[in-house]
Every structure is written in structure tokens, then in C-alpha cells.
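Please read them with the structure open beside you.

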Amino acid sequence: MVNGLDGTRMLIGLLIAIVVLIILVLKTRVHAFLALIISTVLVGLIGGMPLMNIKLENGSTFGIMNSITSGFGGTLSSIGIIIGFGVMLGQIFEATGAAKKMAYTFLKLFGKNKEEEALALTGFLVSIPIFCDSGFIILSPIAKAISRATKKSVIGLGAALAAGLVITHSLVPPTPGPLGVCGIFGIDVGSFILLALVLSLPMTIGCLIYSKKYLGKKLYRVPNENGEIVEKPYEAPNYDNKVDVADEKLPGAFESFLPILIPIVLILTNTIISAVGVKGDGINVILFLGQPIIAVGIGLLFALFVLGRHLDRATAIAEMEKGMRQAGIIMLVTGGGGALGQIIKDSGLGTFIATNLAAASIPVVLLPLIIATIMRFIQGSGTVAMTTAASISAPIIISAGANPVLGAIACCVGSIFFSYFNDSYFWVVNRTLGVSEVKDQFKTWSYTSTIAWAIGVVEVLVLSIFMH
């Protein structure tokens with residue numbers, strides 16, 4: 001162990017801290033951020049780290065407080081601004097109706113009997129800048145309108161939409177959770193976006209098949225004339241009626257898509273050029289524009305001045321400040337997770353665990369996957385689950401010489417596992433779709449989210465064979 005600390009004692013401290021973290025989040029009024037800081041302190045105290053910072057022979061600072069401040073600040077220095085820009089972009093999308101326009105565009109593009117595919121793809125793209133809870137509330141009226149017009153079950157339509165939303169929300173930056181995981185692991189955001197998008201597609205397709213082939217027939221419910229969702233005997237789809245959206249004042253399709261596509265294209269271009277190694281003054285400009293902070297900022301400016309051109313100044317600022325309030329919570333939790341990860345790294349505990357895992361021949365990638373899955377099941381929040389898993393496992397994975405991108409993916413996949421009563425999104429989906437029976441709630445969303453998780457687990461295991 002480094003700095004004279006005992007590995008076994010530090011490990012005991014970590015296990016006790018995790019138990020305390022779970023109890024604080026589940027059973028008390030303590031917020032997840034404060035719980036993470038308390039757990040960080042416990043790891044250091046029980047492990048024998050200095051209470052006050054001390055100077056080591058190599059000139060570095062060592063101590064509990066140094067780990068907390070450097071871990072918190074170091075994590076947010078890389079992703080804090082992007083989180084702020086991302087949630088502000090999401091609010092502009094919500095206020096201008098761009099999310100709805102994307103849904104209507106896909107419905108028209110896919111055609112008859114492809115409504116589930118259209119809604120899943122809409123959710124898949126919309127949730128990159130928008131929180132999945134907000135996205136579902138915004139887009140669920142479209143699912144209900146389609147159900148009323150076609151006689152397709154609103155449950156199958158809604159589950160397809162909810163799946164598309166939650167998968168990219170859980171895996172693809174600049175959504176705050178995955179972005180925080182990238183910051184904790186210290187990996188390139190562009191490379192992560194590219195891989196996460198590819199992995200998200202099979203997960204979405206699996207949920208789509210379940211919602212269309214099973215839920216749409218087993219839980220057949222449609223809105224009646226009063227808008228109430230009622231259970232009825234199954235009917236085949238009917239396309240005599242059309243979904244009337246002409247009365248809604250929405251932006252154009254091109255301008256609705258661009259605020260999402262611009263930052264993704266810029267970031268991926270940066271990643272590709274960096275990998276190829278092309279150099280030059282003009283290339284440096286492209287690389288600068290492809291920095292995640294700049295790219296997402298450009299997307300936000302485009303949304304603000306093009307999508308939001310009809311918003312008055314007060315409304316635009318109010319919407320962005322609403323996003324900032326959401327960002328504050330996410331930043332604190334992410335920074336708290338960074339502090340926990342830093343104390344594991346500074347103490348040498350990561351190296352100690354990695355060495356023992358290697359001796360036991362246990363695949364190190366299973367560690368973040370298991371931690372994230374357990375944390376998700378215990379406390380419900382996907383963001384807290386992936387952040388906690390990243391905080392604990394990042395120092396271990398890096399010490400073991402494993403690929404940190406694979407570890408980050410494993411954290412995000414684990415955070416999707418079996419959504420139920422302790423997850424706010426579980427209630428948003430089921431209440432919006434009028435599902436009240438517990439067994440039906442599980443079928444509608446708990447099983448759907450678990451299908452996404454299971455496919456993601458298989459993908460992580462397959463990737464672990466090729467990414468070392």
C-alpha cells in the first residue's frame with residue numbers, strides 16, 4: 001500500500017462506507033451528495049488516512065480533506081460546464097416544441113404500423129439533451145393521440161417511447177449521468193459517445209420488440225372520448241383516422257434536429273481527427289470547436305437564437321434557469337462521487353483491490369457492473385448508481401490496467417436494471433399511461449428496463465473480450 005496504509009483496513013473502511021451510504025440515502029433525510037461526502041470521510045477515517053493534510057517527500061499533499069477537494073474539483077472541472085449547457089439546451093427543446101416536432105417527423109417518415117419504432121427513435125434522440133422524465137411527459141400526449149387514432153394499445157406505444165428515452169439518458173453524453181462517469185474515469189467524451197450510441201441501438205431494439213409484440217397485445221388499453229385510458233378487448237390497428245397535429249405551432253424539422261446533431265458531429269469529428277493524428281492551424285480550429293464544452297455551447301446558442309427566436313427574453317432566461325436548478329443537483333452528486341473515487345485512488349486501495357482481483361482471476365469489468373446494478377436496485381436513481389459505481393471502480397480498473405471506457409460503459413449499463421417503486425421514472429411512465437395494478441406496472445416498465453439492462457450486460461461481456 002502507498003503511504004503506509006494497510007490495504008485490508010482501507011477495504012473494511014470502504015465496505016462500511018458503502019453500507020452507510022445506502023442507509024443514508026434510503027432511510028434518512030440526508031441527500032445523496034451529503035451521503036457521498038460522509039462516506040468519503042468514513043473511508044479515510046477508518047482506513048487511517050491523516051485527518052489534516054500533510055506534505056509528502058515528493059511534494060504532494062496527502063489527507064482526507066485533500067482527497068475530497070481535489071476529487072470534487074477535478075471531476076467537475078472536466079464536465080461541470082457541459083452539464084450546465086446540456087440541461088439548458090433541454091429546457092429550450094421543451095419550451096419551443098422541438099421535441100414534439102422530432103416525434104411527428106419520425107411518425108411521418110416511418111409510416112403505418114411503425115408507430116412504436118418512430119416513438120422509440122424519437123425518445124432515443126430527444127433524451128440526449130433532455131431528462132427522460134421530462135421527455136416522457138412532453139411526448140406521451142403523442143403516444144395517446146396515436147393510440148386514439150389507430151386503436152393501438154397506448155401501453156405498447158408508451159413503453160417503446162419510455163425505453164428510447166431512458167437508454168440514451170443512461171448511456172450517451174451530454175446527459176449528465178454518463179458525462180459524470182466520463183469525468184470520473186477521465187476518458188474522452190467523443191469516443192464514449194460513439195461507442196455508447198452503437199451499444200444503445202440493440203438495447204432499444206430489444207425493448208421495442210417486447211413493447212410491440214407483447215405489451216401492445218397483452219395490456220391492451222386505449223384512451224376513450226374523454227381522454228381516460230381504459231382497458232378493452234384487443235382490436236387490430238385501424239388507420240382510417242389520422243393524428244391531427246396541424247393546430248400545433250412547432251418549429252421546422254431541420255432546425256429541431258440541428259441543436260442535437262451539431263455538438264455530436266463536432267465532438268465525433270474531433271475524436272476522429274485526433275485518432276488519425278492530422279495537424280495544422282485549420283485542424284486546430286476544428287479540434288477546438290469539437291471540444292465538448294465548445295460543441296455543446298454551440299448547440300445551445302443555435303437552439304436559443306433559432307429555436308427560441310419566438311421566446312421573449314424573460315421566458316428564455318426563465319427556462320434556462322429552470323435547467324440550471326436541475327444541473328446544480330447533478331453537479332453536486334457527480335462531484336461527491338469524484339471525491340469518493342479520489343480517496344480510493346489516493347489511499348492506494350484501488351491498487352490493492354485490483355491486485356487481489358487479478359490473483360482471483362475475476363474479470364475486473366464485472367465490478368462496476370455489479371456495483372451499479374446493486375446500487376440501482378437498492379436506491380432507484382440511475383445517476384447515483386452509475387456515479388457511485390464509477391467512483392468506487394475507476395481507481396481499481398485503472399490500477400488493473402483495464403480499459404476505462406469499458407468500465408464506464410459497465411457503470412452506465414448497470415444503472416438501468418429493474419426500475420421499480422424507488423425510481424421516479426417508474427411512476428412517471430406508469431401513472432402517465434394509467435397503469436395502476438402492480439403486476440401490470442412491472443410488465444409495463446420494470447421488465448422493459450430489465451430487457452435493456454440484460455442486452456447491455458451481454459454487450460459489456462462481449463466487449464471485454466476485445467477491449468483490455
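**Notes on the core, the fold and the charged pairs**

1. The largest nonpolar core has 140 residues, and among its members Phe-136, Phe-185, Phe-192 and Tyr-425 touch the most others. A nonpolar core here is a set of buried Ala, Val, Leu, Ile, Met, Phe, Trp, Tyr and Cys residues joined through side-chain atoms within 4.5 Å, and buried means under 20% relative accessible area, exposed over 50%, and partly exposed in between, with a 1.4 Å probe and protein chains only. Beyond its neighbours within four places in sequence, Phe-185 is in contact (heavy atoms within 4.5 Å) with residues including Ala-390, Ile-397, Pro-404 and Cys-411.

2. Please keep in mind that this is a predicted model, in which local features need pLDDT of at least 70 and side-chain atom pairs count only at pLDDT 80 or more, while totals for chains, interfaces and linings use all residues. Residues are numbered from 1 along each chain as its sequence is written, and side-chain values use heavy atoms, with hydrogens and water left out.

3. The chain holds 19 helices and 4 strands, which are DSSP runs numbered from the N terminus (helices H or I, at least four residues; strands E, at least two). Of its 468 residues, 56% are buried, and among the contacts with a separation of 6 or more, 79% are between residues 24 or more positions apart.

4. By the rule that a side-chain nitrogen of Lys or Arg lies within 4 Å of a carboxyl oxygen of Asp or Glu, the count comes to 10 salt bridges. In one of them Lys-152 pairs with Glu-115, with the closest N and O atoms 2.9 Å apart; Lys-152 sits in the loop between α6 (132–150) and α7 (154–171), whereas Glu-115 belongs to helix α5 (residues 115–126), 37 residues apart. Both Lys-152 and Glu-115 are buried.

5. A salt bridge also joins the side chains of Lys-212 and Glu-116, at 4.0 Å from N to O. Because Lys-212 lies in helix α9 (residues 189–218) and Glu-116 in helix α5, this pair ties together parts that are 96 residues apart in sequence.

6. Asp-440 and Arg-221 form a salt bridge, their closest N and O atoms being 2.9 Å apart. Asp-440 is in helix α19 and Arg-221 in strand β3 (residues 221–223), so the pair ties together parts 219 residues apart in sequence. Asp-440 counts as buried at 7% relative accessibility, and Arg-221 is buried with a relative accessible area of 8%.
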